[in-house]
Every structure is written in structure tokens, then in C-alpha cells.
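This report describes how two protein chains meet. Please view the sequence and the structure below before reading on.

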There are 2 protein chains.
Amino acid sequence: MGLTKSEIFTNEQNQIASLAKAFAHPARVAILQHIINSNTCICGDLVDEIGLAQATISQHLRELKNIGLIKGNIEGTSVCYCIDENNWTEAKHIISQFLDYESKNTNCC
Amino acid sequence: MGLTKSEIFTNEQNQIASLAKAFAHPARVAILQHIINSNTCICGDLVDEIGLAQATISQHLRELKNIGLIKGNIEGTSVCYCIDENNWTEAKHIISQFLDYESKNTNCC
DNA sequence: TTCTTTTATCGTAATATTGCAATATAATAA
DNA sequence: TTATTATATTGCAATATTACGATAAAAGAA
């Protein structure tokens, strides 16, 4: 047990859940907000601004990169991270569509 | 370790992460979609329609109820679950606002 | 009352996540 | 070359999540 039964759900359900999981930790939310709001997006800056160890930040960055929300460009010894705009927009659409429902069941509950 | 350091993040960051966590499992996405799309929202129907044990569905329902996305009304021996429209709308706004960013850094990366 | 139905909770095993020290890797500087 | 700097990876401990059988609780039926 303890293993999510992905195979019994639709691709859409699994995709929504995967995207939501990327946003489901405050450190990753903070990382994304920092990348969005600052003009620089150097990994080391994130370590300074967020109070977590370098290894931890790097791990969260990898998760965000794996799901495609950010991408990293090597600049000398540093890495500049930024939002992958295409994937971000797609993610926004998928989640918005899921959240955007018009109530039909005014008689229920 | 293994404990999220909530205290180093803003309330907004923690709130976004908590909401996202509710959507971060396909079973909960499926439950919400079923509640939204069907006219009935009886717990037992969800157990039949989704291929998970009754205890597991009940556990997911509790998580969704705890965060306020759904509410349950007792109807005889069954429980009718439905979306908490006010909280759902609020959650939608919080997440949409987070996802809705206009790119400023065309020169970055 | 007892039986049935429905949902919730408990207990537990398996797996996943979080966090960090230590270390490895890669690029540049001296 | 050897240092230095920045990031990634490894390994591990602590905690959280997922899933389900067993059982409890609550309401109605017999």
C-alpha cells in the first residue's frame, strides 16, 4: 500500500494532480514567486532569500524543472532559472478549467 | 526532518500550497469531478464509481471537507456531499491569482 | 429489540516527501 | 595546474501520505 493507483484514473485527473503537487509545497510556491517577481533568477539567490539549505532548494528546483514549469540556463558557474512560459500557460489553462465550474445542483445538499 | 518549515513562509504561500495539496491526488480530483458532474453526491456512489476501498474514499472526503472545499449533509444512513461554493470560489481566486502572471523578464534566460 | 445499510475511524504496512550534511561535479580564476 | 565558486547528487533520518481490512457508530427496517 501507500502507492497511488494512477491506472484507475483518467489522464486528465492524473495530470491535474501532478500539476497541483508541484504547487503543493510552500517552498516551491516561494521559489516560483521569487522567479516571477525578481529580474534575476539565480539559484544561489533563492537559497539566500528562502531559509532552506542549498540541497533542499536544489531538490525543489529539480521537481519544478521535471514537471516543466521552469527551465534553467547555465551562466558560468551559476544557473539562471526562469518560468517556462508555454508550459506555465498550459498548466494555468488545465487548472483553471478544472476550477471553473458553474453550479448546476442548486437542489443538492 | 521530513517536516515542512511552514513558519519561514508567508501565509499566502502556505495557503496556496495547502489548497494545491487538496488537488494533488487523482482520487480527490475524481471525487470533486463526480460531485460536480452528477446530480447525486452520495459517498457510496463515489466508492462504486472510483475503484478504491470505502475507507480510502472516506479518508479523501475528510481531507476535502477539512480544507473546506466540500460539505456533507446526512440523509438517513447516507451522506450527501457537495461543493462548498463560497470556499470553492475563494480557492479558485487564490490559485488563479497565483497562476496569472504577466511576463516581465523577456531578457532573462 | 435485532438486523441491515451506510459512513467514519482505527490500526497498520507500504510508499513518498522533506530536509540537510557530505560529497561530487562543472565552470571559472589564480 | 590548483583553488574557488556554484549547483547537483547521494545517503539518510524524520515525517507524511496512501491504501485497506477490521471495526465502530448511526440511522432506518424488520
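## The interface of chains A and B

Between chain B and chain A an area of about 4,200 Å² is buried, and carbon and sulfur atoms give 66% of it; buried area is the accessible area (1.4 Å probe) that two parts lose on being put together, summed over both. The model is predicted: local features need pLDDT of at least 70 and side-chain atom pairs count only at pLDDT 80 or more, while totals for chains, interfaces and linings use all residues. Residues are numbered from 1 along each chain as its sequence is written, chains are lettered from A and ligands numbered from 1 in the order in which they are written, and side-chain values use heavy atoms, with hydrogens and water left out.

Chain B brings 47 residues to the contact and chain A brings 47 residues, where contact means heavy atoms within 4.5 Å. Of the interface residues of chain B, 100% are also interface residues in chain A, so the copies meet through the same surface.

Two salt bridges cross the interface of chain B and chain A, each being a side-chain nitrogen of Lys or Arg within 4 Å of a carboxyl oxygen of Asp or Glu. In one salt bridge, the side chain of Asp100(B) meets that of Lys92(A) at 3.2 Å, N to O.

On the side of chain B that touches chain A, at least two residues come from each of α1 (11-22), α2 (26-37), β2 (78-83) and α5 (85-99) of chain B. The most, nine residues, come from α2(B). Helices (H or I, at least four residues) and strands (E, at least two) are DSSP runs, numbered from the N terminus.

The table lists two partly exposed residues, a class between buried (under 20% relative accessible area) and exposed (over 50%), with a 1.4 Å probe and protein chains only.

| Residue | Helix | Relative accessible area | C-alpha to C-alpha distance |
|---|---|---|---|
| Ser18(B) | α1 of chain B | 39% | 8.0 Å to Ile67(B) |
| Thr89(B) | α5 of chain B | 34% | 9.3 Å to Leu69(B) |
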